[in-house]
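Please keep the sequence and the model in view while reading.

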Amino acid sequence: MLVALAVAVPVLWLGSAIAYESWHTYTHRFRLIIEVDDHGVSKSASSVIQVTVVEKSNWVPQTGGVYRFVRGEAVFLDLGDGRNVIALLGLGPTGERDIDNLAALAFGRDRPFWQREAPSWRGRVGLPLIPTLVTFTDLNDPKSARVLRPSDFESVFGPGVRFKSAEIEMVPSGIWPFGTIGWPRLLAGEPVTRGIEAKLPWWNGPFPWLKSVGAGVYVDTRQTGLKWHKGHFKRGD
């Protein structure tokens, strides 16, 4: 009897934590849209991104209050003539901040437990904080990336090219489990964007700034500036 209790109590304890986290999982999707004025012609591109927030149980030892998972891709805007603008899955001068709370920032609701409300948000709004923008002067060369500020567009692309806007639009995330498997469309919600690697010839490397230190371990030798990685361009399966 004592042995059975010794086994059952921790199993129930852990099981209750798993059940709590399953019940307190919140998913929302949004379309990230960027728009550029190219000599009077408006050009735009977008990407559907999913954010899942799991509230951790507080009776199982672990750090932090939530897990946050991002699925989706950066926005790739082809301006033509070898020119491109990419809105990364990151914020700040070098993409150092995550975009997992981007919808909350956009709707002015970045407060405790915002994730519980996010699945019900609707509409399209401008972003108060623009994702990190970059351009590759040569898409075959991963070293040619540079950060773009909205005020940089004419100096980089020439007179007549200017950044217009960055917005997000809330889209249906689907009903579980159909939103995860992506079928049927009626129940799966707006599909998360995929395929950016086909637009980036450097995707499979090599990456000259990575130095091998043995045992399959590599060290990033870049000292300053934009230290981007693939997670800035694509997340999730």
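Is Asp38 buried or exposed? Asp38 is buried, because its relative accessible area is 7%; buried means under 20% relative accessible area, exposed means over 50%, and partly exposed lies in between, with a 1.4 Å probe and protein chains only. This is a predicted model, in which local features need pLDDT of at least 70 and side-chain atom pairs count only at pLDDT 80 or more, while totals for chains, interfaces and linings use all residues. Residues are numbered from 1 along each chain as its sequence is written, and side-chain values use heavy atoms, with hydrogens and water left out.

**Salt bridges**

- A salt bridge is defined as a side-chain nitrogen of Lys or Arg within 4 Å of a carboxyl oxygen of Asp or Glu. By this rule the model has 14 salt bridges.
- Asp38 forms a salt bridge with Arg83, at 2.7 Å from N to O. This pair links distant parts of the chain, as Arg83 belongs to strand E5 and Asp38 to strand E1, 45 residues apart. Helices (H or I, at least four residues) and strands (E, at least two) are DSSP runs, numbered from the N terminus.
- Arg83 counts as buried, with 16% relative accessibility.
- Between Glu169 and Arg31 there is a salt bridge whose closest N and O atoms are 3.0 Å apart. Glu169 lies in strand E9 and Arg31 in strand E1, so this pair ties together parts that are 138 residues apart in sequence.
- Glu169 is partly exposed at 26% relative accessibility, whereas Arg31 is buried at 18% relative accessible area.
- A network of salt bridges links Arg31, Glu169 and Glu190.
- Glu117 and Arg111 also meet through their side chains in a salt bridge, at 3.0 Å from N to O. Glu117 is partly exposed at 27% relative accessibility, and Arg111 is partly exposed at 41%.

**Nonpolar cores**

- A nonpolar core is a set of buried Ala, Val, Leu, Ile, Met, Phe, Trp, Tyr and Cys residues joined through side-chain atoms within 4.5 Å. The largest one has 35 residues, of which Phe30, Val85, Phe153 and Ile168 touch the most other members.
- At least two residues of this core come from each of strand E1 (25-38), E2, strand E4 (75-80), E5, H2, helix H4 (153-157) and strand E9 (161-171). E9 gives the most to this core, with 5 residues.
- Apart from this core lies another, of 16 residues, among them Phe76, Ile196, Leu200 and Leu226.
- Leaving out residues up to four places away in sequence, Ile168 touches several residues, including Phe30, Leu32, Leu102, Phe107 and Val125. Contact means heavy atoms within 4.5 Å.

**Two individual positions**

- Asn101 is located in the loop between strand E5 (83-91) and helix H2 (102-106). Asn101 is buried, with a relative accessible area of 10%.
- When neighbours within four places in sequence are set aside, Asn101 is in contact with Arg68, Asp110 and Trp114.
- Ser42 belongs to strand E2 (residues 41-55) and counts as partly exposed, at 40% relative accessibility.
- Ser42 is in contact with Glu35, Val36 and Lys164, leaving aside neighbours within four places in sequence.
- From C-alpha to C-alpha, Ser42 and Phe163 are 9.8 Å apart in space, although 121 residues apart in sequence.
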